[in-house]
Amino acid sequence: MTLKGQCGIVTGGTRGIGKAIAQRLAQRGVNLVVAARTLPAAQEVAASLSTPDVRVFGMKLDVSNAGEVEQVFEFAREKFGRIDILVNNAGITKDGLLMRMQEDAWDTVIDINLKGVFLCSREAIRDMAKQRYGRIINITSVAAFMGNPGQANYSASKAGIVGFTKTVAREYASRNITVNAVAPGFIETAMTDVLPQHIKEEMKKMIPLGRFGTVDDVAEAVVFLASPEAGYITGHVLHVNGGMYM
Ligand code: NDP
């Protein structure tokens, strides 16, 4: 795939799925800003991915903070002069059954998972519209489609991303910008490590392919949608879930 020399931003690129996406994009020659709330982790990933041909910068970013989002995009514009790819990957969970869910757990998850996608996409779309090219890939979840007990806030945020993706895809198709979502199923990362073993076993039984996903399963799907070759795909949700939901 012809990604060499392109420029992009990956939010939440310091571990798990986001780190794998940053690795795969950098390996294919994409210059990147890797951004997350923990600056040293972002800098560490950036240092490990930088080569003489590919420039990778680590930045501090809370995607729910409009000022910080603006600063990161300003930085990327200054360094690269263009933004071809935005991967909205940053996301958190704050689980609890509805009756016990605190307002703060609702607000924080919606702010980071959904408002963050809005703020970053709004910045990126300005550059992409001007240059008449862009790829936005939003990481949603199987929970948006199946629901998941204890995740009313999370599944609502991820379902919101789907509506957002389709609307922005329609708004900017005429500018040659595609906007798609990737919906991972159960992927082995820090986010899922915390689940009790018996829940993991129950979940595995629901997966026709009989295994949990890896971060690379998701990253490869993202790289494809980020490539020029995926130029006729927009407003789509690509499910990467081993058949758990179809
Ligand atoms: P991890 O918790 O392993 O990594 C999350 C990343 O996001 C970290 O880099 C974290 O860094 C960053 N992050 C968290 N909050 C913010 C914020 N406010 N601003 C910027 N960066 C932030 O998660 P996963 O890799 O498991 O998940 C990545 C994405 O995939 C998420 O959107 C998640 O909802 C989605 N997903 C994951 C699934 C799974 O099974 N793992 C399944 C379906 C979807 P820091 O804490 O330093 O900010």
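Colleague: Is asparagine 176 buried, exposed or partly exposed?
Modeller: In this predicted model, asparagine 176 counts as partly exposed, with a relative accessibility of 39%.

Colleague: Where is asparagine 176 in the fold?
Modeller: Asparagine 176 sits in the loop between helix H6 (152-172) and strand E6 (177-184). Its phi is near 65°, which is a positive value in a residue other than glycine.

Colleague: What about arginine 132, what is its phi?
Modeller: Arginine 132 has a positive phi of about 55°, although it is not a glycine. The loop that holds arginine 132 runs between H4 and strand E5 (134-139), and at 47% relative accessibility arginine 132 counts as partly exposed.

Colleague: Back to H6 for a moment. Is valine 168 buried or exposed?
Modeller: Valine 168, which lies in helix H6, is buried, with a relative accessible area of 10%.

Colleague: And which residues does valine 168 touch?
Modeller: Leaving aside residues up to four places away in sequence, valine 168 touches Ile125 and Val179.

Colleague: How far is valine 168 from glutamine 27?
Modeller: Their C-alpha atoms are separated by 28 Å, and the two residues are 141 residues apart along the chain.

Colleague: Let's switch to helix packing. How do H3 and H4 cross?
Modeller: The axes of helix H3 (residues 66-80) and helix H4 (residues 103-131) come within 9 Å and cross at roughly 30°. Angles under 35 degrees count as roughly parallel, and H3 and H4 are therefore roughly parallel to each other. As for handedness, H3 passes H4 in a right-handed crossing.

Colleague: Which residues make that contact?
Modeller: On the H3 side the contact is made by Ala66, Val69, Glu70, Phe73 and Arg77, and on the H4 side by Leu119, Cys120, Glu123, Ala124 and Asp127. Sorted by class, the residues of the contact of H3 with H4 divide into 6 nonpolar, no polar and 4 charged.

Colleague: Cys120 is in that list. Is cysteine 120 buried or exposed?
Modeller: Cysteine 120 is buried, with a relative accessible area of 0%.

Colleague: How many disulfides are there, then?
Modeller: The count comes to 0 disulfides, where a pair would need its cysteine sulfur atoms within 2.5 Å.

Colleague: One more helix pair. At what angle do H1 and H9 cross?
Modeller: The axes of helix H1 (residues 16-27) and helix H9 (residues 215-226) cross at roughly 50° and come within 8 Å of each other, and that makes H1 oblique to H9. H1 passes H9 in a right-handed crossing.

Colleague: Which residues of H1 and H9 make the contact?
Modeller: From H1 the contact takes in Gly16, Ile17, Ala20, Ile21, Arg24 and Leu25, while H9 brings Val215, Asp216, Val218, Ala219, Glu220, Val222, Val223 and Ala226.

Colleague: How many of those are nonpolar, polar and charged?
Modeller: The contact of H1 with H9 has 10 nonpolar residues, 1 polar residue and 3 charged residues.

Notes: Residues are numbered from 1 along each chain as its sequence is written. This is a predicted model: local features need pLDDT of at least 70, side-chain atom pairs count only at pLDDT 80 or more; totals for chains, interfaces and linings use all residues. Side-chain values use heavy atoms; hydrogens and water are left out. Axes are lines fitted to C-alpha atoms, for helices over the stretch in contact, and angles run from 0 to 180 degrees between N-to-C directions. Helices (H or I, at least four residues) and strands (E, at least two) are DSSP runs, numbered from the N terminus. Angles under 35 degrees count as roughly parallel, over 145 as roughly antiparallel, 65 to 115 as roughly perpendicular and the rest as oblique. A crossing is left-handed if the near helix is turned anticlockwise from the far one by less than a right angle, and right-handed if clockwise. Contact means heavy atoms within 4.5 Å. Ala, Val, Leu, Ile, Met, Phe, Trp, Tyr, Cys and Pro count as nonpolar, Asp, Glu, Lys and Arg as charged, and the others, Gly among them, as polar. Buried means under 20% relative accessible area, exposed over 50%, partly exposed in between (1.4 Å probe, protein chains only).
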